[in-house]
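This report goes through a structure with two chains in view, part by part. Please look over the sequence and the model before reading on.

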Amino acid sequence: MTRPGAVLEYHLAGYRRVWRGTVFSSFLMPVLFFLGMGLAVGEYVDRGGGLDLPYQQFIGSGLLAFTGVQIAMMESSYSVMGGFKWQRIYYGMAAAPLRVGDMVAGQLGYIGLRIAIAAGAFLVVMVPFGAVGSGWAVLAPLVAVLVGLAVAAPMFAFAATVQSVNMLAVLFRFALLPMMLFSGVFFPVSQLPAGLEPVAYALPLWHGVELCRTAVLGPDAPIGSGWPVPAHLGYLGLWAAGGFLLAVARFRNRLAV
Amino acid sequence: MAGGEALIRARGLVKRFGEFTAVDGIDVDVQRGEAFGFLGPNGAGKSSTMRMIGCVSPPTGGELTILGMDPHRDGPAIRARMGVCPQEDNLDLDLTARENLTTYARYFGISRATARRRAAELLEFVQLAERAGSRVEPLSGGMKRRLTIARSLVNEPEIVLLDEPTTGLDPQARHLVWERLFRLKQQGTTLVLTTHYMDEAEQLCDRLVVMDGGRIVAEGSPRTLIERYATREVVELRFGGAGLEPFAGKLAGIGERIEVLPDRILLYAGSGDAAAAAVYARGLSPSGVLVRRASLEDVFLHLTGRQLVEAG
């Protein structure tokens, strides 16, 4: 067993106690959006013929990516800050023969696992609604994991230095919510006002949404901006890797007092 | 102890935080099997020293060798053979007592089966076996402390670092912890502890250093320190609510030395009873007289001019 694996195990032991409470936020909420928006709003959208594909398909794949980002944000904010400030579990880990990289990698692995499970379940819900159009869809939960890590890793770095929970609340309001609205989850980013479209390109979620849509609906579906898949993957990988390095550096600073 | 194997060796060890010097060039040797203490008031640099020995805080200067290795290069290898009970418990309050031990054991690469067995043994050792399946949060402070100590033993360490192991515990809980630590020592585990309780240091430590302001001001066994820096006995005199300075003058010449504290006067003498009799012979009538054995508290007072645990 590797040392990051031992850290992952620790987080799973905690999850065993709280998993019921997380079902709503990490699984039911996206499903509610999918059903509510997809069925109700979808009917208007499809009647107008504004999209080249059924709205249920459009929003389902977008929400799949969003599921990853949402779990990532929740699991990499308060729990990371609390690991230094409240329960101080990182100080306990630092006294064991773990390296800082083990702590960060193990917890990111845990978050990835959580996302894979939630996104996989969500994908299953999409099937009977005809929102899955390709066998490539099995890769969509992995895309959700990748976009989740692209958000979680830099969040670790932020939460490791933040002094007050208010800062985290601000981040949820001014980062998560706009990201959800402006990343092509509910409508194509081409609908955004001219100045805002590049903002969507900068956000990790948009790349995740594009990749998820390609996976769920197939490479030939009439969607997306035409960016090549490797470009999306590379961009998300950059966020994840850069965030990881920054998080390790900040964890190390915080622990070495 | 001389000639033994030094498990921890520090020379001119320094820790600075910006302008502030927490540890100001200390030399320490801890031998295998001994219980070694850092005694001093809050802010003396004890915890900073412990964190450097625990390989989590890099020294700013000086040399430090632990188990023959360099903490900077071999941190994980040293930590694998060491147990740490930090000043503040950092248990996972949502997990059970048992899970806290088993998950922690896994960080040391201990197999699940061994981790479970050792958790059961250690919970027995710290007398928490009945609470094995309880969440940690509602446990009392003393129980949490014992659980933290149990966790520090999960890798069967050669050295256990205990940063103020009984601070904040009630007397009964303290005695239980002392008793367990004493057993560990008997089993041959090297203990390194910090404390600002002189009774704790006297109970547990074979050898200790007195720290003040980041420096070591004295070193030795509790007994030799008391012999060197205090008399055999002490008379504590109280004189109602009046200012004590005038009385100090009237006591001059009795015993070997006088310390005036805010609430009482300490009279250091080989024989406390004889000194007390001399006080009465001078026509003084203190409202309280207590003859006691000299302690490390007196050593500290003599060395620094301050009390170890501030009165009140």
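How many residues does the contact take from chain B, and how many from chain A? The contact takes 22 residues from chain B and 23 residues from chain A. The model is a predicted one, and the values below are computed from it.

## Where the chains touch

On the side of chain B that touches chain A, the elements giving two or more residues are helix H2 (71–79) and helix H3 (97–106) of chain B. H3(B) gives the most to this side, with four residues.

By residue class, the side of chain B that touches chain A divides into 11 nonpolar, five polar and six charged residues.

## Chain A

Chain A has 10 helices and zero strands. Read from the N terminus on, its elements run α-α-α-α-α-α-α-α-α-α.

For a chain of 257 residues, a compact globule would have a radius of gyration near 18 Å. The value for chain A is 19 Å, which agrees with that expectation. Along the principal axes, the C-alpha atoms of chain A fill a box of roughly 60 × 40 × 35 Å.

Of the 257 residues of chain A, 48% count as buried. Contacts in chain A can also be sorted by separation in sequence: among those between residues at least 6 apart, 81% join residues at least 24 apart.

## Domains of chain B

Chain B is divided into domain 1 (6–220) and domain 2 (231–294). Taken over C-alpha atoms, the centres of domain 1 of chain B and domain 2 of chain B are separated by 39 Å.

## A sheet in chain B

Chain B holds an open sheet of three strands, in the order S2-S1-S4, with antiparallel pairing. Strand S2 (20–31) and strand S4 (61–66) of chain B stand at the edges. Each of these two has a single partner strand, so one side of each is left without a neighbour in the sheet. From one strand to the next, the twist averages 15°.

Strand S1 (residues 6–17) of chain B pairs with S2(B) in the antiparallel sense, over nine bridges. Within this part of the chain, B:Phe17 stands opposite B:Phe20 in S2(B).

## Helix H11 of chain B

Is helix H11 (residues 296–304) of chain B largely enclosed or largely left open? Seven of the nine residues of H11(B) are buried, so the helix is largely enclosed by the rest of the structure. The buried residues in H11(B) are B:Leu296, B:Glu297, B:Asp298, B:Val299, B:Phe300, B:Leu301 and B:His302.

Just after H11(B) comes B:Gly305, which takes a positive phi of about 75°.

## B:Tyr268 and its surroundings

B:Tyr268 has its place in strand S12 (residues 265–269) of chain B. Is B:Tyr268 buried or exposed? A residue is buried if 20 or more other C-beta atoms lie within 10 Å of its own. B:Tyr268 has 23 C-beta neighbours inside 10 Å, so B:Tyr268 counts as buried.

Which residues is B:Tyr268 in contact with, leaving aside its neighbours within four places in sequence? The contacts are with B:Ala230, B:Thr231, B:Val234, B:Gly255, B:Glu256 and B:Arg257. B:Ser134 lies 134 residues from B:Tyr268 along the chain, and the C-alpha atoms of the two are separated by 51 Å.

Notes: Residues are numbered from 1 along each chain as its sequence is written. Chains are lettered from A and ligands numbered from 1 in the order in which they are written. This is a predicted model: local features need pLDDT of at least 70, side-chain atom pairs count only at pLDDT 80 or more; totals for chains, interfaces and linings use all residues. Two residues are in contact if their C-beta atoms, placed from the backbone, lie within 7 Å. Ala, Val, Leu, Ile, Met, Phe, Trp, Tyr, Cys and Pro count as nonpolar, Asp, Glu, Lys and Arg as charged, and the others, Gly among them, as polar. Two strands pair if DSSP finds at least two bridges between them. Axes are lines fitted to C-alpha atoms, for helices over the stretch in contact, and angles run from 0 to 180 degrees between N-to-C directions. The radius of gyration is taken over C-alpha atoms; the globule rule is 2.2 Å times the number of residues to the power 0.38. A residue is buried if 20 or more other C-beta atoms lie within 10 Å of its own, exposed if 12 or fewer, and partly exposed in between; C-beta atoms are placed from the backbone. Domain bounds come from an automatic or database domain assignment.
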